[in-house]
Amino acid sequence: GVNNNNEIPDKFELSQNYPNPFNPSTKISFSLPNQDNVNLTVYDITGREAAVLVNGNLEAGNHEVTFNASGLSSGIYFYTIRTTGFESTKKMILSK
């Protein structure tokens, strides 16, 4: 097929946020091989919900969201992506 940046990824993937550690904002990228309902949530070290970054139906492709943590305290956070058949969690560090 034709190679371009809009090609549909062949698998779900959640990338490590960048930059990490971060202050006050960081970017989180993920790939969807097909249109799906996506929930991307940030949790603090105790498992409390800190932010919901995505909650809804997204097109297939590569997506990037910015997480602004200016209202949160320094420490370790986790972000989890959930779709119909995929779940992945990664750790990030807010350093103020």
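Modeller: A residue counts as buried under 20% relative accessible area, as exposed over 50%, and as partly exposed in between. The model here is predicted.

Colleague: What makes isoleucine 93 count as partly exposed?

Modeller: Isoleucine 93 has 31% relative accessibility.

Colleague: Where is isoleucine 93, and in which strand?

Modeller: Isoleucine 93 sits in strand E7.

Colleague: Which residues form the nonpolar patch on the surface?

Modeller: The patch consists of Ile45, Ile76 and Ile93, and together they have about 230 Å² of accessible area.

Colleague: Why is phenylalanine 12 called buried?

Modeller: The relative accessible area of phenylalanine 12 is 19%. The cut-off for buried is under 20%, so phenylalanine 12 is classed as buried.

Colleague: What makes phenylalanine 86 buried or exposed, or something in between?

Modeller: Phenylalanine 86 has a relative accessible area of 22%. Buried would need a value under 20%, so phenylalanine 86 is called partly exposed.

Colleague: How many aromatic pairs does a search of the whole structure find?

Modeller: The search gives two aromatic pairs.

Colleague: Why is the pair of phenylalanine 12 and phenylalanine 86 called stacked?

Modeller: A pair of aromatic rings is described by the distance of the centres and the angle of the planes. For phenylalanine 12 and phenylalanine 86 the centres are 5.1 Å apart and the planes stand at 15°. Pairing requires centres within 6.5 Å, and stacking requires planes under 30 degrees apart. The pair of phenylalanine 12 and phenylalanine 86 is therefore stacked.

Colleague: Which parts does this pair tie together?

Modeller: Phenylalanine 12 belongs to the segment before strand E1 (13–14), and phenylalanine 86 to the loop between strand E6 (75–82) and strand E7 (87–94). The pair therefore ties together parts that are 74 residues apart in sequence.

Colleague: How do you know that E6 and E7 pair?

Modeller: Two strands pair if there are at least two bridges between them. Eight bridges join E6 to E7, and the two run antiparallel. Isoleucine 81 stands opposite serine 88 in E7.

Colleague: What makes E4 and E7 edge strands?

Modeller: The open sheet has four strands in the order E4-E3-E6-E7, with antiparallel pairing. Strand E4 (49–58) and E7 each pair on one side only.

Conventions:
Residues are numbered from 1 along each chain as its sequence is written. This is a predicted model: local features need pLDDT of at least 70, side-chain atom pairs count only at pLDDT 80 or more; totals for chains, interfaces and linings use all residues. Side-chain values use heavy atoms; hydrogens and water are left out. Rings of Phe, Tyr and Trp (its six-membered ring) pair if their centres lie within 6.5 Å; planes under 30 degrees apart count as stacked, over 60 as edge-to-face and the rest as tilted. Buried means under 20% relative accessible area, exposed over 50%, partly exposed in between (1.4 Å probe, protein chains only). Patches are made of residues with over 30% relative accessible area and no salt bridge: like charges are joined within 9 Å, nonpolar side chains (Val, Leu, Ile, Met, Phe, Trp, Tyr) within 5 Å. Accessible areas come from the Shrake-Rupley method with a 1.4 Å probe; for residues, only the protein chains shown count as cover. A salt bridge is a side-chain nitrogen of Lys or Arg within 4 Å of a carboxyl oxygen of Asp or Glu.
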